[in-house]
Amino acid sequence: MPRGGPAAPFFPCHARRAHRPAAKNATLHARQEPTIPKPEGNVQGLKPSQLTALNRLFNRRFPAEDVYTVEQARELALLSRAVGRQVGLLIDRKGRVQMVIVGEPGSILIPELPRGRGGNERLRGLRLLHTHLTPGGISQEDLMDMLFLRLDAVIALTVNPVGDPVQWQAAHLLPSSVNGQAYHLDQPRPWDRTAAHMTDTAEALEEELSRRAEDAKEADGSPRVLLVSVAAAPRIIQERNLDELGELARTAGLTVAGRMVQRVTQVNPRLIMGRGKVAELEVLALQGRAGMLIFDGELSPSQLHNLADITERKVIDRTQLILDIFAQHAVSRAGKLQVELAQLRYTQPRLVGKNRAMDRLMGGIGGRGPGETKLETDRRKIRDRMARIRKDLDQLRRQRSFTRARRSRQGIPLAALVGYTNAGKSTLLNTLTRSEVLAENKLFATLDPTTRRLRFPAEKELILADTVGFIRNLPKELMDAFRATLEELEAAQLLLHVADASHPDLLQQINAVETILAEMELDRVPRLLILNKWDQLEAPARAELADAFPLALPITAKTGEGCKVLLEELEMRLLHEATTIVEDVPYSLN
């Protein structure tokens, strides 16, 4: 991790590809020569003798429990003062030096490390021992490195101007926060008092994290996630949004391990939150055994990539989570095609490469020679696939239009159920038509549109259509992709807006549905507000809602209470010969 200002990404020298032997059959039998480790970091300008001294550090075997031996401390301090730069060692639990790093006089940059050991509850198995050429112990940058890289410990050895060691200080993570701190910081100690129990402490910490992970797996075997909200909205609104995000995560088969809320005046364009907050988030994920971070709202491509670079956990946003739920619930061919189109539309701008100019140089004059990059090949494949999906969806749209035209010629009116997800639309459809459409207490349990005939005693009938539920800030990719499905709403003579009367955010959900209908230019279609789950309200709440929405119909779709009045209203509005629909908006949000 960079300290003292931004620095370019740094990769170990041993990651370079070795040259193949020139002999024809040598590649089949020749052994690959071991890579000779070299110091990493700022080694420019060092003398050959200093480079040799740095290389000798790879041969040192440090104590597994103690920080170092007295001779090793003197050698490291003298060498750091001689080169005038911080020197750091990454040491494994057996005391072997895995990496030697040379930094600046006041900072050190840890190169990109190999991927961490398996398991979200495990530490990396390395401790960082590095020198400080100025007075003072472990800095905030040292703690950030420990948190982000999940190091066993960080040790700072202070060196005086003549190259003698003065004192050392260590820090390590905690299995749970204490007084708001996710780490333990030791007091500085004299340099020659080295008893520290390094390996035992790291293994005990990892054992405690593993024990908690096993307890969590026994309780629920689903993947664990951490919910994050970073916005300028009041905290109470952010908490409500995270409640809904938690329901989305549950629908996707995930277990919520914790949440973080941060109110900011301006969102960080690079990481969406400050670096210190990201470090705190990493610790919460480690302590909660969470392998995934889900952000409320939509992350920009740069924020998504920067967060993925700084943490080894999977990072997704609310849009990706909703797309995943839609992909799980898509059954029909149309539903699957629409979900795939939405996913491709979301993915396309997030294919980021080193040279975006290649997008304008594919083929033709000036584009021959090296050919397309892998990035451009992926982009072209996405564009081709999206074109094929749109063609298939156009065909399905034409087929649906034929069905609607035939229905219109028969004079059968159409009423469509709309509303917030999990408001009870499918349950109401089942109750009115005696159907067995899937109805679960989950968000987006119904994805594909369903139509059923509803017969009346007067030998009349109408078509009742159930469509996908809405949600606040519905991703634009889904809105565009599901145009073919939502065309059923355009042909409807009446929209039955089903709302969950027992939900604490009832007004916000009604407003969200109204906003989406307006965006789809369906706000002029007559609508009837239906307050579902009426049985879950107390008398004062019922009276309040009755005053707020005098034209709404209270029902309980699960038991059928109030459905008789609803059927009478439908018959009067759509089937009575002397009745025409004259109300554009049959209820008020005020």
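In the predicted model, Leu-531 has Pro-554 of strand β18 as its bridge partner. Strand β17, which spans residues 527–532, is joined to β18 by two bridges, and the two strands run parallel. Both strands belong to an open sheet of six strands, in which the order is β14-β15-β13-β16-β17-β18 and the pairing is mixed. The edges of this sheet are formed by β14 (450–456) and β18 (553–554), each of which pairs on one side only. Helix α15, comprising residues 506–519, packs on the sheet and touches β13 (414–419), β16 (494–500) and β17, and the direction of this helix makes an angle of about 150° with that of β16.

A further packing arrangement involves two helices, α2 (residues 48–56) and α3 (residues 70–83), whose axes come within 11 Å and cross at roughly 150°. Because angles over 145 degrees count as roughly antiparallel, α2 is roughly antiparallel to α3. The crossing of these two helices, α2 and α3, is left-handed. On the side of α2 the contact is made by Gln-50, Ala-53 and Leu-54, while α3 contributes Leu-79, Ala-82 and Val-83.

Considered as a whole, the protein contains 17 helices and 18 strands, and 49% of its 590 residues count as buried. Among contacts between residues at least 6 apart in sequence, 69% join residues that are at least 24 apart. The accessible surface of the protein amounts to about 29800 Å², and 51% of this surface belongs to carbon and sulfur atoms.

Methods:
Residues numbered from 1 in each chain as written. Predicted model: local features only at pLDDT ≥ 70, side-chain atom pairs only at ≥ 80, totals over all residues. Heavy atoms only, no water. Helix = DSSP H or I, 4+ residues; strand = E, 2+ residues; numbered from the N terminus. Buried < 20%, exposed > 50% of the residue type's maximum accessible area, 1.4 Å probe, protein only. Contact = heavy atoms within 4.5 Å. Areas by Shrake-Rupley, 256 points an atom, 1.4 Å probe, with all protein chains shown as cover. Pairing = 2+ DSSP bridges. Axes fitted to C-alpha atoms, helices over the stretch in contact; angles between N-to-C directions. Parallel < 35°, antiparallel > 145°, perpendicular 65-115°, else oblique. Left-handed = near helix turned anticlockwise from the far one by under 90°.
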